[in-house]
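Please view the structure alongside the text.

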Amino acid sequence: MSFARYLPLAFCLACAPEPARETVTPAPRVPTDGSAGREASRSDSFVAADRVAAPQDVRLADTVVAARTTCRCFLGDGPYCAARAAAEAKRLDCDIPDLAKYPNDLFHCAGGVWKRGEDCPASCKYTATSTKLDDACELPVCPCFVKEAWCGASVGTTAVQMRCRVPLLPAKNDDILHCPGGQWAVKQDCAKGCQSNPPGTPDACKSESSYKLPLDCRRGAACTNGNHTALHDGKDEYAYDFGIPVGTRVRAMRGGTVLRVRNVSGPGDPCYDSGGSACANLANTVEIKHSDGSVGLYMHLRVGTVRAGATVQQGDPIGESGNSGWSTGPHVHVQVQSDCGIWWCQSVPLRFVEGTVGTGSTITSANCP
């Protein structure tokens with residue numbers, strides 16, 4: 001066989017480029033102790049963790065981008081109940097600092113700056129349909145702190161100090177209030193307003209015809225017994241005693257019509273001069289009925305010098321002071337009372353034009369012509 005004929009072919013094979021080698025990666029050794037499953041699980045966990053982390057980052061970025069701006073003062077500078085502010089903030093998609101922490105309190109806004117203004121112990125009151133900024137804390141109702149009779153305005157002042165409210169106010173500021181059974185009520189409507197008196201003396205309605213001391217013009221006298229004392233309680237609780245000598249002229253505190261005159265004890269009678277409790281109904285008295293239906297009672301007189309049915313003016317003489325009835329010394333007892341059909345009725349608050357009168361005070365009469 002001739003090799004010559006095959007030389008070209010051998011030459012060509014020798015010169016041909018070497019085929020690319022395939023890289024064969026050895027198959028991983030599969031452990032027989034089960035660690036392959038654990039390795040696979042760890043690998044899967046890492047991949048899963050990577051997949052979860054990316055969306056979280058996206059949401060955090062979205063939160064930063066979508067942060068809301070601070071709300072402006074919706075209706076201008078002023079007080080805002082948290083409930084009103086929250087409703088407006090939601091509508092306008094804006095934010096008010098600390099609003100969620102204090103949902104029942106009163107906030108203040110000034111120049112776009114919000115601050116918590118007041119802790120409302122009960123609730124915060126506002127009118128949702130009104131654009132008037134009169135939002136305010138709704139305070140709890142005050143417990144009763146009035147013993148006898150207070151002007152509404154005085155009650156209101158004390159209520160502010162106590163951080164509570166009286167439902168009748170401010171509509172009844174000029175009337176007399178009390179609270180029987182713990183419930184606030186109007187004790188007396190005052191057509192001319194209410195006169196506030198010092199502690200210990202009940203407030204009283206202002207009168208069209210002011211009461212004056214039952215004494216001569218410019219005469220002074222000491223008040224030996226005032227309101228709410230051991231001797232003046234019950235029907236007498238608003239009475240005044242003035243210590244004056246027997247026979248001193250007694251004048252009308254206010255004009256009116258003489259309702260009754262009771263000269264029931266005279267010289268020599270056991271109740272004419274400083275009687276005991278058995279003489280309680282045997283004091284000499286004069287009663288004058290006023291235009292508003294109230295009655296002025298003058299008691300322990302030596303004698304009444306007017307007659308029933310007569311008209312008297314303020315300052316007119318009506319009797320002489322004495323010591324009749326149940327009395328421990330010469331004086332005149334005066335009180336203003338309701339007309340209950342008998343001579344001695346429930347007294348009502350009385351204020352003199354000369355000023356405040358109380359036990360131990362000395363005052364000068366202005367009962368002048």
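## Disulfides

A disulfide is a pair of cysteine sulfur atoms within 2.5 Å. A search of the whole structure finds ten of them. This is a predicted model: local features need pLDDT of at least 70, side-chain atom pairs count only at pLDDT 80 or more, and totals for chains, interfaces and linings use all residues. Residues are numbered from 1 along each chain as its sequence is written, and side-chain values use heavy atoms, with hydrogens and water left out.

Helices (H or I, at least four residues) and strands (E, at least two) are DSSP runs, numbered from the N terminus. The link is right-handed, with 100° about the S-S bond. Cys71 is buried at 1% relative accessible area, and Cys94 is buried at 7%. Buried means under 20% relative accessible area, exposed over 50%, partly exposed in between (1.4 Å probe, protein chains only).

## Two further links

Cys151 and Cys194 are joined at an S to S distance of 1.8 Å. Cys151 lies in strand S6 (residues 150–151) and Cys194 in strand S9 (residues 194–195), so the pair ties together parts 43 residues apart in sequence. The torsion is about -85°, so this disulfide is left-handed. Both cysteines are buried.

Cys217 and Cys368 are also joined, S to S 1.8 Å. They are 151 residues apart. Their link is right-handed, with 80° about the S-S bond. Cys217 is partly exposed at 21%, and Cys368 is partly exposed at 28%.

## Rings and charges

Rings of Phe, Tyr and Trp (its six-membered ring) pair if their centres lie within 6.5 Å; planes under 30 degrees apart count as stacked, over 60 as edge-to-face and the rest as tilted. The whole structure holds eight aromatic pairs. Among them, Trp343 and Trp344 are stacked, 6.2 Å centre to centre with 25° between the planes.

The charged end of Lys235 sits over the ring of Trp344, 5.0 Å from its centre. This requires NZ of Lys or CZ of Arg within 6 Å of the ring centre and within 35 degrees of the ring normal. Arg116 sits over Tyr102 in this way, 3.8 Å from the ring centre.

## Arg163

Arg163 is in the loop between helix H4 (152–162) and strand S7 (176–178). It is partly exposed at 40%.
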